[in-house]
Amino acid sequence: MVDVKTLSRTVGVSVPTLYRWMSEQGFPRPIKLSARCSRWPMADIEAWIESRGVSS
């Protein structure tokens, strides 16, 4: 499970771009762990990267 800043560095885009991708391009949505804590499962991110044909 990764936070938004780590995810941003991993994917190589800004945080606002990640949120735009979620609404426009089907980027995986986070799992809400509490009112102020959301995390993305790394397996979901890896699957999304593979589906786009992008190598990490």
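This report describes the fold, the surface and selected local features of a predicted protein model.

## Basis of the model

Residues are numbered from 1 along each chain as its sequence is written. Because the model is predicted, local features need pLDDT of at least 70 and side-chain atom pairs count only at pLDDT 80 or more, whereas totals for chains, interfaces and linings use all residues; side-chain values use heavy atoms, with hydrogens and water left out.

## Overall architecture

The protein contains three helices and two strands, where helices (H or I, at least four residues) and strands (E, at least two) are DSSP runs numbered from the N terminus. From the N terminus on, the order of the elements is α-α-β-β-α. The radius of gyration is 11 Å, close to the 10 Å that the globule rule gives for 56 residues, so the protein is as compact as a globular protein of that length. This radius is taken over C-alpha atoms, and the rule is 2.2 Å times the number of residues to the power 0.38.

Along the principal axes, the C-alpha atoms fill a box of roughly 35 × 20 × 20 Å. Among contacts (heavy atoms within 4.5 Å) with a separation of 6 or more, 35% are accounted for by residues 24 or more positions apart.

## Burial, surface and charge

Of the 56 residues, 30% count as buried; buried means under 20% relative accessible area, exposed over 50%, and partly exposed in between (1.4 Å probe, protein chains only). The protein exposes about 3900 Å², of which carbon and sulfur atoms supply 51%. Accessible areas come from the Shrake-Rupley method with a 1.4 Å probe; for residues, only the protein chains shown count as cover.

There are 8 positive and 5 negative side chains, and the centres of the two sets lie 11 Å apart. Lys and Arg count as positive and Asp and Glu as negative, while His and the chain ends are not counted. Each charge is placed at NZ of Lys, CZ of Arg, CG of Asp or CD of Glu.

Helix α3 spans residues 42-52, and its residues I45, W48 and I49 are buried. They lie on the same side of α3 because they cover an arc of only 100° around the axis, the arc being that of the directions from the helix axis to the C-beta atoms. The buried residues of α3 pack against α1 (4-11) and α2 (15-24).

On the other side of α3, A43, E50 and S51 are exposed. Just after α3, G53 takes a positive phi of about 75°.

## C37 in strand β2

C37 belongs to strand β2 (residues 37-39). Leaving aside neighbours within four places in sequence, C37 is in contact with I31 and K32. C37 and G26 are 11 residues apart in sequence, and their C-alpha atoms are 21 Å apart in space.
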